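I opened this entry to keep a record of what I looked up, in the order in which I went through the chains. The sequence and the structure come first, and my notes follow.

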Amino acid sequence: MFLYVERLLHTCRVTHVAFAVFEPATLNEALGLLTNEGDASAALAGGTDLLLRIRRGARKYRSVVNIKFVPGLTGLTWDAQRGLTLGALTTFRTIEQNEHVRRHYLALVEAARVVAGVQLRNLATIGGNIGNASPSADSVPPLVALGATIEIASATGTRVVPIEACISGPGRTVLIPGEIFTTISVPAPATHSGNAFSRFSPRSAMDIGIASVAASVTLDADGRCADCRIALGAVSPTPLRGTAAENALRGERITPAIADAVGELAAAATTPISDIRGSAPYRRAIVRTLATRVVQQAAARAATAGAR
Amino acid sequence: MTRQYVLTVNGKTSTVTTEPHQSLLDTLREMLGLTGSKKGCDEGECASCTVLLDGAPVNACLILVGDAVGKSIVTIEGVAGSEGPHPLQRAFVELGGVQCGYCTPGMIVSSCALLREQPDPTDEEIKFYLAGNVCRCTGYNKITAAVRSAAETMRAADVPAPARRTA
């Protein structure tokens, strides 16, 4: 009851926690501001997580550096050799609707489509989703399964790290003050490869995943698994690959028996927490089922993909 | 420190003086008197504050006022034409898509965007598009029926969805 009243008071209050807003026009200006402001500032992308954290008082910032109007941070390009390049500010709605993503990276589409609702997906960005570093971030497992990398820029230069290496813990990334994510690169899919993502949450929209699995599978001419990557979401503090499951799948035909074994090995790799959304054993059981399904789905897509 | 912002809302240009951390929703409601957009949760969970920003439905509670400068903003107040309520508004009334009314502005503004993207949506497409709009009264069936009915009316009469209203 008290919580309810407090919430009502909060939502009726017009004024939110105050902070200054910088609106840099160039990347260099943004990086300079972030360097100068240090810990007292944060880069504002879609704002769907950051603004809430500020309003709830979870994080105190003197300022935000609004990077929405910085050129070069938006835009999605596809190239048959180089693959997909996503500006960090690419929204989930853009990703789910793009014809190239829909053709080559269904795992990303499947992840984008379960993020909140259409209104939020028009605001929320993929760079922000990674930077927020929630273990349940929906974009992370598909990007890990697809072998994506992210470019980090600072006033002194740029560096490129794999997605799985850019998150260091719940809510923590490897970014140091003065750095931002600029672009995400997803390699072009191999010939005869397919990918898939599946998430379980009690509600189909406006909910956070209890567990998720993404897989990318490449088949050889014999229909055996030539290569694969399996990523598990919301079951560990940092992005997790099901390495043992991948090793079990390589060289094998994708039979129900091997998919079942893959599910078991994937579940064994997890280190989930128990919380209000589900217990650790429950999350593990979900991963087992999802991994079994998702590798079969990715393999089925690979079988029909043909040469790219 | 306050700043001046020039906003184009429902085809009309207004200048407001406010703090840069203020949300577009608070600006619309408290400074421009456009209280049709509702403040249900103020955290992007309910979509009762949905407005169209350059045609795209977004949660006005999660946008800083400065992010709306130079863009076309359409609120529920801009949905009706000079000839009276929009077919979506009529359908919501006629088919009982409204109970307490709190979610209705967001439902209708979002539906405007849906019908512009997809003039003949299936029930599944309607449900997918409105999945972020929370209603605690109707059970959604009458809302879906209202959108379907308005879509038919609009296709028959060739009524455009007011996605990018200009002056």
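Before reading any helix pair I wrote down the convention for handedness: a crossing is right-handed if the near helix is turned clockwise from the far one by less than a right angle, and left-handed if it is turned anticlockwise. I also noted that this is a predicted model.

**Helix α2 of chain B against α5**

With that convention in hand, I looked up how α2(B) passes α5(B), and the crossing is right-handed. The two helices pack at an angle of about 140°, and their axes are 8 Å apart. Angles over 145 degrees would count as roughly antiparallel and those from 65 to 115 as roughly perpendicular, so α2(B) is oblique to α5(B). On the α2(B) side I listed Pro87(B), Leu88(B), Ala91(B) and Phe92(B) as making the contact, and on the α5(B) side Ala146(B), Ser149(B), Ala150(B), Thr153(B) and Met154(B). Sorted by type, the residues of this contact come to seven nonpolar, two polar and no charged.

**Helix α2 of chain B against α3**

Next I turned to α3(B), which spans residues 104-117, and α2(B), which spans residues 87-94; their axes come within 10 Å and cross at roughly 135°. That angle makes α2(B) oblique to α3(B), and the crossing is right-handed. Here Leu88(B), Gln89(B) and Phe92(B) of α2(B) meet Thr104(B), Ile108(B), Ser111(B) and Cys112(B) of α3(B). I counted the types in this contact as four nonpolar, three polar and no charged. Going back over both lists, I noted that Leu88(B) and Phe92(B) take part in the contact with α3(B) and also in the contact with α5(B).

**Helix α1 of chain B**

I then asked myself how many of the residues of α1(B) are buried. Six of the eight residues in this helix, which runs over 24-31, are buried, and the helix is therefore mostly covered. The buried residues are Leu24(B), Leu25(B), Asp26(B), Thr27(B), Leu28(B) and Arg29(B), and what covers them includes the strands β1 (3-9) and β2 (12-18) of chain B. After the helix comes Gly33(B), whose phi is positive, near 70°.

In chain B, Tyr140(B) has a phi near 75° and is found in the loop between α4 (123-129) and α5 (141-157). Is Tyr140(B) buried or partly exposed? Because 18 other C-beta atoms lie within 10 Å, Tyr140(B) is partly exposed. In chain A, Ala234(A) has a phi near 70°, and its place is the loop between β13 (225-233) and β14 (240-241). Ala234(A) counts as buried because it has 29 C-beta neighbours inside 10 Å.

**Pro272 of chain A**

I looked up Pro272(A) in the loop between α12 (256-269) and α13 (280-305) of chain A. It has 24 C-beta neighbours inside 10 Å and so counts as buried. Leaving out residues up to four places away in sequence, I found that Pro272(A) touches Val235(A), Ala280(A), Arg283(A) and Arg284(A). I also checked Gly72(A), which is 200 residues from Pro272(A) along the chain, and the C-alpha atoms of the two are separated by 37 Å.

**Domains of chain A**

The domain assignment divides chain A into domain 1 (18-66), domain 2 (76-186) and domain 3 (194-303). Taken over C-alpha atoms, the centres of domain 1 and domain 2 are separated by 19 Å, and 14 residues of domain 1 are in contact with 16 residues of domain 2. On the domain 1 side of this contact, helix α2 (residues 27-37) of chain A gives the most, with six residues. That side divides into six nonpolar, six polar and two charged residues.

**Where the chains meet**

Last, I looked at the contact of the two chains, which takes 24 residues from chain A and 27 residues from chain B. In chain A, the elements giving two or more residues to this side are β1 (20-22), α3 (50-55) and α7 (118-121), with α7(A) giving the most, three residues. I noted the types on the chain A side as 13 nonpolar, nine polar and two charged.

Methods. Residues numbered from 1 in each chain as written. Chains lettered and ligands numbered in written order. Predicted model: local features only at pLDDT ≥ 70, side-chain atom pairs only at ≥ 80, totals over all residues. Axes fitted to C-alpha atoms, helices over the stretch in contact; angles between N-to-C directions. Helix = DSSP H or I, 4+ residues; strand = E, 2+ residues; numbered from the N terminus. Parallel < 35°, antiparallel > 145°, perpendicular 65-115°, else oblique. Contact = placed C-beta atoms within 7 Å. Nonpolar A, V, L, I, M, F, W, Y, C, P; charged D, E, K, R; others polar. Domains from an automatic or database assignment. Buried ≥ 20, exposed ≤ 12 C-beta atoms within 10 Å, placed from the backbone.
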